[in-house]
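Trainee: I would like to go through the terms used for this model and see what each one rests on.
Mentor: Then ask about them one at a time.

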Amino acid sequence: MAEPTTSAQPPPERATPRLGAPSTAAAGLASVAKTAQLVRAMGVGRGVQTLLQVNQRDGFDCQSCAWPSPDGDRHVLEFCENGAKAVADEAAPRRVTREFFAQHAVAGLATQSDHWLNAQGRLVEPMVLRPGAAHYEPIAWDDAFALIARELRALATPDAATFYTSGRTSNEAAFLWQLFVRLFGTNNLPDCSNMCHESSGVALTESIGIGKGTVTLADFGQADAIFVVGQNPGTNHPRMLTALEAAKARGAKIVSINPLPEVGTERFKNPQDFLHPLRALPTLLGDGARLCDLWLQPRIGGDLALFKGLMKEMLAADDRAPGSVLDHTFIREHTHGFEALAADLRTTPWDEIVAASGIARDQIGAAAAIASGARATICCWAMGLTQQPDAVATIQQIANFLLLRGNIGRPGAGACPVRGHSNVQGDRTMGIFERMPDAWLDRLDAEFGMKSPRAPGLDTVDSIRAMHDGRVQVFIALGGNFLSATPDTEFTAAALRRCRLTAHVSTKLNRAHLVTGRTALILPCLGRSERDVQAGGEQFVTTEDSMGVINTSRGRLAPASPALLSEPAIVCRLARAVFEVGRVSDPPSSELPANGRVADPPDQERPASIPWEELAANYDLIRDRIARVVPGFEDYNRRVRAGAFHLPNAPRDRREWRTPTGRANFILAPISRPVLAPGEFVMMTIRTHDQFNTTIYGLDDRYRGVFGGRRVVFMHEEDIRAAGLQQGQFVDLMNRHSGVERLALAFMVAPYRIPRGCVATYFPEANVIVPIGSVAAKSNTPTSKFVIVTLRPSAASAYANLAKSSRV
């Protein structure tokens, strides 16, 4: 095991965060100014040309969120401020060279902030950190693949390796990746979905027979009510605000359900209005378009009780006037379990609902009235729901809520889990899952003449546990920043250090490169915005957005380095190194298994007929294979060249409910409420407006009035007083779970409109106190939105001094 000589956590900040006035409207002139700044950083001509390609039919899919683009005409500026940040970040002119690594030891890099690491620029060539070395050094691609092959072939079992996938990975690369992994002999395919919308997939599959949403972008133009639950679209999915603005202008009612007030659901100044001569001045001088008709502020974890309250109100109204609220025809023809749900709702006391949700009954009634008066309702949600202990049950109550009025399979209505990373849903469709259905694997086996493993593999949390226990010894990541994205930072770091090899396919430097196994590799790849030229000519890839739409993506920029490989090329060359070269006789770079021998290949036929080199040269050949394996992708190459296409979605058409009952299921769930001891709070982690996932673009969060720093803890003013604290004071956050105490040092107290007994912090800084053992039931998703913590004044005198200047 590598010695823990490098810090796994982001270091203390060198300056205190400053608190100022938060934005009063999302986007607006500040967004335009920020985008202009990003354009200048890329070079004005290059920057403008690049941004004009974002989300265009002949351009590239945004590296950021998975919000869909219109099926028809697209705006010439089909991007948002945070999409521009992602593009500028990838197109950054700075480079991380071999000279950089020679100058900076790994231990020294670990003392730098995540913002600093990312700002150093693009990785340009493969690098290796050898056992005992202090610095990364260059390694040739062939040598890197040979090193991985030796380590994999040295394992006693294929299940001693785990293969992570980021949501940035294209459909083509993801399909090849799962093929390689299953051909190697394991289903250990953790991915970022395990940490975000896994709960949505589990919940919806049980409820309606598909683990995806049921709406299209066009449905927002026909909805009468839109519920936005546990989601901050202004920062995490800014293009969604345009759809909400248009729906609102058409008369739709919008209900926001969130423990935090989010400016993105309150007011919106559409930056595209500045291009319109009649709207520019009113947009500049006005307050912005008001979006939200009603904001409900549940306590953290109170959403399940809230939706039971909404349904109880609707049921009572229908009891008073039968057929006036509920869609009894739809319930009778398409659902199962209504009578049990109705009985459960009738016997659930209002006092229990109000206490658990934190919402007054009259507010619940107001929201229920909006839903009851709407012909068509959409419910959107994100990780505010999916990362709770009762996440699956909570999402199933949303499904129940929609089913009561027939709001599945109706224009303008449906379930809308809003995905984060741009192809996280496509990766799952392509087979990145530790438990793919047998029928799917049967088609894969028939296509490639192989016998894929059928034993369930490891997801993200179980992979971390297996590395920590020594059962997994090789970790390879196709994208992502695994260390910073995962819970329980010190536990995860210890798990990675116990590996013989850790390898990351990456575009930028991140903290996962600094906490490593005995040997570590950085494998730099092309970015989404860069031209991908292979032996068969210039290539394109495809992605699937949150609404099941397949789009092409063609990069236009010159690659950051001639040494970069595409992700499909990396997978194919690795596969050739493992499967085609034959038994590798060289010793592995670290140590052999305890039995002192190189393991035999997995017990299956490995056909030489898989043309890895040809697949890497021409991505059409990959798509031809996908078309024969993955349902909905028939005639893939022709269809995707003709334009974006929608994947089949049986509940959307009400043609089939693929559940054991053959119907959509009403699923019951009890209300649970945590009992907090004196001094305990429920913590949720959130993003700033200057980050996407774990990538930190800047140190401001203007939407919440935080500037120049990230280590803040948002608290209710009365909780601050009751705890004997004050604004600007630094505190340590502690969690104790399963007998283990976890500590996050030096967070500045910031008063905020958050429910009593609740606090919020930014990730990844607070991930260190998210326990590895606290996961959502059924989905195994870390409960980053529900962590019980206590606070104590920080003992570090440096932070006490910083607190003196905590206000703008």
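Trainee: Which residues does Leu521 touch, not counting residues up to four places away in sequence?
Mentor: Leu521 touches Met127, Val128, Ile139, Ala144, Leu147, Ile148, Leu501, Thr502, Ala503 and His504. Contact means heavy atoms within 4.5 Å. This is a predicted model, in which local features need pLDDT of at least 70 and side-chain atom pairs count only at pLDDT 80 or more, while totals for chains, interfaces and linings use all residues. Residues are numbered from 1 along each chain as its sequence is written, and side-chain values use heavy atoms, with hydrogens and water left out.

Trainee: What makes a set of residues a nonpolar core?
Mentor: The members are buried Ala, Val, Leu, Ile, Met, Phe, Trp, Tyr and Cys residues joined through side-chain atoms within 4.5 Å. Buried means under 20% relative accessible area, exposed over 50%, and partly exposed in between, with a 1.4 Å probe and protein chains only. The largest such core has 69 residues, and Leu521 is among those with the most contacts inside it, as are Phe163 and Trp612. A second, separate core has 57 residues, including Ile331 and Ile671.

Trainee: Why is Leu514 called buried?
Mentor: Its relative accessible area is 1%, and the limit is under 20%, so Leu514 counts as buried. Leu514 is found in the loop between strand S17 (501-506) and strand S18 (519-524); strands are DSSP runs of E with at least two residues, helices are runs of H or I with at least four, and both are numbered from the N terminus. Among the residues that Leu514 touches are Thr6, Val106 and Leu117.

Trainee: What is the order of the strands in the open sheet?
Mentor: The order is S6-S5-S18-S17-S16-S7, with mixed pairing. S6 (137-138) and S7 (161-165) are the edge strands, since each pairs on one side only.

Trainee: What makes the buried residues of helix H2 (residues 44-51) line one face?
Mentor: The buried residues are Gly47, Thr50 and Leu51. Seen down the axis of H2, they fall within an arc of 90°, so they line one face of the helix; the arc is that of the directions from the helix axis to the C-beta atoms. They pack against helix H1 (28-42) and helix H3 (81-90). The face turned away from the buried side carries the exposed residues Gly45 and Gln49.

Conventions:
Pairing = 2+ DSSP bridges.
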